[in-house]
Amino acid sequence: MIGPPLLALRGVSKRFGAVQALKDVDLEIREGEVVALLGDNGAGKSTLVKVIAGVETPDRGVIEWEGRGVHITSPRIAHRLGIATVYQTLALCDDLDVAENLFLGRERRCPGVRGRLLRLLDYGGMRRQARGQLDAMGIRVPDVRAPVASLSAGQRQTVAICRALLGRPRVVLLDEPTAALGVPQAGHVLEVVDELREQGVGVILVSHNLGDVKAVADEAAVLRLGRNNGFFHVPTTSQERIFSAIIGATDNP
Ligand SMILES: Nc1ncnc2c1ncn2[C@@H]1O[C@H](COP(=O)(O)OP(=O)(O)O)[C@@H](O)[C@H]1O
Ligand SMILES: [Mg+2]
């Protein structure tokens, strides 16, 4: 028997003034599943990501976490449930090194009195944990002491994903993670997505690139003008079929 999905959205709607950004949208994601979220500009993809991340609150609809209704009214609640988000604009600090970026805002103190009384930070421990997390994800960053400014765009994206993983999330939202990358670097990010699936994480991958979707996604959910326009089992569906759902040549209510 299969249990309930890790995360399910049912009939979610969101309006901004005159714009109906989302209308009766459904989405499901299971453990170890990569769901691509596709749609033309303005289709509502980023709004949907923000609703799941607790940045926007839906006007209508239900969100279920492991089969139970939840109200994700703030990013903190999303985080507590186990939802991590990597936004398109990368929030990394250029002048800090890789390890410092991974632990930004959640620095570890030294054990014992050195941490408690002197409030010394455990740089060695943070570097070791950073190295371990990067290695576990197959992320190729040679030196965790290298400033982030010295990394390639692809390495920066994988470091941003790695940062999101330190909180041990169960669902990761990636909004266009390969949009700014060249082909080899995008390939590297997709390898990391594969690794997340291996680890049983549910991934929602917003993408414009059908090649990426074919390479890595299990399911694809298409949005068109704020509504669902089809769910596709990616390995058995042609890119043409998904593409025509995106542009609205076919309606898949
Ligand atoms: N904060 C906002 N205020 C007003 N309109 C918004 C806001 N956010 C998104 N929209 C509108 O909602 C629609 C969906 O936008 P968005 O979710 O960003 O689409 P996508 O990410 O698929 O390109 C667009 O028409 C957009 O202009
Ligand atoms: Mg968007």
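The model is predicted: local features need pLDDT of at least 70, side-chain atom pairs count only at pLDDT 80 or more, and totals for chains, interfaces and linings use all residues. Residues are numbered from 1 along each chain as its sequence is written.

**The sheet**

- Six strands form an open sheet of mixed pairing, in the order β6-β7-β8-β3-β9-β10; strands are DSSP runs of E with at least two residues, numbered from the N terminus, and two of them pair if DSSP finds at least two bridges between them.
- Because β6 (83-86) and β10 (227-233) stand at the edges with a single partner strand each, one side of each is left without a neighbour in the sheet.
- Strand β9 (residues 219-224) runs antiparallel to β10 and is joined to β10 by five bridges; L223 has N228 in β10 as its bridge partner.

**The core**

- The largest nonpolar core has 69 residues, and L37, L173 and L205 have the most contacts inside it. Such a core is a set of buried Ala, Val, Leu, Ile, Met, Phe, Trp, Tyr and Cys residues joined through C-beta atoms within 7 Å.

**Residue T85**

- T85 lies in strand β6.
- T85 counts as buried because it has 21 C-beta neighbours inside 10 Å; the cut-off for buried is 20 or more other C-beta atoms within 10 Å, with C-beta atoms placed from the backbone.
- Residues up to four places away in sequence not counted, T85 touches V49, A53, A164 and L173; contact requires C-beta atoms, placed from the backbone, within 7 Å.

Key:
Chains are lettered from A and ligands numbered from 1 in the order in which they are written. Helices (H or I, at least four residues) and strands (E, at least two) are DSSP runs, numbered from the N terminus. A residue is buried if 20 or more other C-beta atoms lie within 10 Å of its own, exposed if 12 or fewer, and partly exposed in between; C-beta atoms are placed from the backbone. Two residues are in contact if their C-beta atoms, placed from the backbone, lie within 7 Å.
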